[in-house]
Amino acid sequence: MKDYSEKRDFHRMQVNSTITITGNDGETHTGICRDLSAAGMQVAVERSFEIGEELRTRIESAGDHFPPLETLCEVVRCEPDGDGYLLGINIIEVTQ
């Protein structure tokens, strides 16, 4: 049996990469993707998003060898974090 810290189905990688987020309103916002797994990510942003809201995200690749990571996601958590918010996001589909 997995201990509590290992209950996730996918391991999370700490990435601290700039992420572009497009919300339901069509506006684009920039944040920091703090960690990433096959099923979701944690993102620090300046504004709040609604639980259940679908977002489109894009993380640029560090080099020319890999394309950017683009996803369709759903917000599952939005908590105040200092001057901004911390989002828990489930990945619905990797679009690129």
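User: How much space lies in the largest pocket of this model?

Analyst: Happy to start there, with the reminder that this is a predicted model. Rolling a probe the size of a water molecule over the atoms shows where empty space is left. For the largest pocket, that space comes to about 150 Å³.

User: Which strand gives the largest share of the lining of that pocket?

Analyst: The lining of the largest pocket includes Met 13, Val 15 and Ser 17, along with Phe 66, Pro 67, Pro 68 and others. Strand β1 covers residues 13–22. The largest share of the lining, three residues, comes from β1.

User: What is the bridge partner of Ser 17 in β2?

Analyst: Ser 17 is one of the residues that line the largest pocket. Strands β1 and β2 (residues 28–36) pair in the antiparallel sense over eight bridges. In β2, the partner of Ser 17 is Cys 33.

User: Which residue in the hairpin of β1 and β2 takes a positive phi?

Analyst: Let's look between the two strands: the hairpin has five residues there. The one with a positive phi, near 85 degrees, is Gly 26.

User: Which residue in β4 does Ile 21 stand opposite?

Analyst: Ile 21 has a bridge partner in β2, namely His 29. Strand β1 also pairs with β4 (residues 54–59), in the antiparallel sense and over four bridges. In β4, Ile 21 stands opposite Thr 57.

User: Is Thr 57 buried or exposed, and why?

Analyst: Thr 57 lies in strand β4. A residue counts as buried when its relative accessible area is under 20%. Because Thr 57 has 5% relative accessibility, it counts as buried.

User: What residue's side chain does a polar contact of 2.3 Å join to that of Thr 57?

Analyst: Leaving out residues up to four places away in sequence, Thr 57 touches Ile 19, Thr 20, Ile 21, Met 41, Leu 69, Glu 70, Thr 71 and Cys 73. A polar contact of 2.3 Å runs from the side chain of Thr 57 to that of Thr 71.

User: In what order do the six strands close into a barrel?

Analyst: Strands of a sheet pair through backbone hydrogen bonds, either parallel or antiparallel. Here the pairing is antiparallel, and the barrel order is β1-β2-β3-β6-β5-β4.

Conventions. Residues are numbered from 1 along each chain as its sequence is written. This is a predicted model: local features need pLDDT of at least 70, side-chain atom pairs count only at pLDDT 80 or more; totals for chains, interfaces and linings use all residues. Side-chain values use heavy atoms; hydrogens and water are left out. Two strands pair if DSSP finds at least two bridges between them. Buried means under 20% relative accessible area, exposed over 50%, partly exposed in between (1.4 Å probe, protein chains only). A polar contact is a pair of N or O atoms within 3.5 Å; within protein, one must be able to donate a hydrogen and the other to accept it, and residues adjacent in sequence count only if both atoms are side-chain atoms. Contact means heavy atoms within 4.5 Å. On a 1 Å grid over the protein atoms alone, a cavity is a set of points where a 1.4 Å probe fits but cannot get out, and a pocket is an open set with protein on both sides within 12 Å along at least five of seven lines; lining residues have an atom within 4 Å of a point. Grid points are joined across faces, edges and corners, and a volume is the space filled by probe spheres set on the points.
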